[in-house]
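I am opening my notebook on this protein chain, and I want to write down, step by step, what I looked up in it.

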Amino acid sequence: MPELKAIVFDLDNTLIDRNQAFRLFLEDFLARHQKNISKKDWKNIEKQDQQGYAQRLIFTKWFLNYYKLKDLSPEAFWQYMQQHLGNFVECVSSVKECLRVLNENYKLCLLTNGGSQNQRAKIHSAGLDNFFEKDKIFISGEMGFAKPSTEAFERVLAKTKTNPVETLMVGDHFINDILPARKLGMKTCWITSKPESGIQHTDYCLPHVGRLAEILKKK
Ligand SMILES: [Mg+2]
């Protein structure tokens with residue numbers, strides 16, 4: 001097996017718990033309107049949000065309607081979300097420690113789907129800019145290519161001057177993160193608590209990214 005030289009990380013629900021940040025953000029927003037999120041509400045929200053993959057204006061329209069917030073347009077709420085979601089993001093210390101260790105031996109890159117402002121705010125708020133050099137952060141909204149397009153991955157490989165076989169892609173989304181990386185011949189690590197049917201298609205499968213340094217050390 002060729003020696004591993006670079007690791008490409010997904011951001012949302014890989015390095016940060018985006019779903020938790022999203023919930024905290026919505027709770028804060030609703031509290032300002034004297035509203036809250038019940039268990040049933042959260043189930044509905046999760047279903048509509050699709051872990052952030054639902055079209056944003058479709059989600060914001062649904063959400064404002066669901067909570068009968070008539071004074072705000074879906075566009076304005078989307079804008080507000082982009083400006084404030086980052087404040088609720090954190091990267092837990094075990095993940096930071098893992099990145100610190102990996103940083104000593106590998107080139108670390110970040111490849112994330114989303115708008116520039118939103119993703120940059122999350123990266124900064126989580127303190128992740130300490131672990132990734134400026135030119136190793138790739139955001140779909142800035143590149144014009146989004147995962148699962150293989151062009152997004154090829155862009156990262158070209159800019160970091162690494163071969164696919166020497167590069168490990170780490171992400172929580174099987175279709176967006178794992179399959180295209182695999183297609184290009186990259187190594188893959190799927191972050192999931194429910195491996196189910198895809199596990200035979202990945203090189204590593206972990207319930208939490210914080211364990212990656214330990215796993216790679218054993219190899
Ligand atoms: Mg993700």
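Predicted model: local features only at pLDDT ≥ 70, side-chain atom pairs only at ≥ 80, totals over all residues.

**Entry 1**

I began with helix H3 (residues 56–66) and helix H4 (residues 74–84), which pack at an angle of about 105°, with axes 9 Å apart. That angle makes H3 roughly perpendicular to H4, because angles of 65 to 115 degrees count as roughly perpendicular. I noted for myself that two packed helices are described by the angle between their axes and the distance between the axes. On the H3 side the contact is made by Arg56, Leu57, Thr60, Lys61 and Leu64, and on the H4 side by Pro74, Glu75, Phe77 and Trp78. Sorting the contact of H3 with H4 by class, I wrote down five nonpolar, one polar and three charged residues.

**Entry 2: the domains**

I then looked up how the chain is divided, and found domain 1 (6–16 + 90–218) and domain 2 (18–88). The centres of domain 1 and domain 2, taken over C-alpha atoms, are separated by 26 Å. Ten residues from domain 1 and nine residues from domain 2 take part in the contact. On the side of domain 1 that touches domain 2, I listed two nonpolar, six polar and two charged residues.

**Entry 3: the sheet**

In what order do the six strands of the open sheet stand? I read the order as S3-S2-S1-S4-S5-S6, with parallel pairing. Strand S3 (137–139) and strand S6 (204–206) are at the edges and have a single partner strand each, so one side of each is left without a neighbour in the sheet. From one strand to the next, the twist averages 20°.

My reminder for this entry is that strands of a sheet pair through backbone hydrogen bonds, either parallel or antiparallel. I followed the pairs one at a time:

- S2 and S3 pair in the parallel sense over three bridges, and the bridge partner of Thr112 in S3 is Ile139.
- S1 and S2 pair in the parallel sense over four bridges, with Val8 opposite Cys109 in S2.
- Strand S1 (residues 6–9) and strand S4 (residues 167–171) run parallel and are joined by four bridges, and Ala6 has Thr167 as its bridge partner in S4.

Is strand S2 (residues 107–112) mostly covered or mostly uncovered? I found that five of the six residues of S2 are buried, which leaves this strand mostly covered.

**Entry 4: backbone angles in the loops**

Gln34, a residue other than glycine, has a positive phi near 55°, and Gln34 lies in the loop between helix H1 (18–31) and helix H2 (39–49). I count Gln34 as exposed because it has 6 C-beta neighbours inside 10 Å, and 12 or fewer is the cut-off for that word.

Lys161 is not a glycine either, yet its phi is positive, at about 55°. I placed Lys161 in the loop between H8 and S4, and with 9 other C-beta atoms within 10 Å, Lys161 is exposed.

Which peptide bond did I note as cis? It is the bond from Lys147 to Pro148, with omega near 15°. Pro148 lies in the loop between helix H7 (140–143) and helix H8 (150–160).

Key. Residues numbered from 1 in each chain as written. Domains from an automatic or database assignment. Contact = placed C-beta atoms within 7 Å. Nonpolar A, V, L, I, M, F, W, Y, C, P; charged D, E, K, R; others polar. Pairing = 2+ DSSP bridges. Helix = DSSP H or I, 4+ residues; strand = E, 2+ residues; numbered from the N terminus. Axes fitted to C-alpha atoms, helices over the stretch in contact; angles between N-to-C directions. Buried ≥ 20, exposed ≤ 12 C-beta atoms within 10 Å, placed from the backbone. Parallel < 35°, antiparallel > 145°, perpendicular 65-115°, else oblique.
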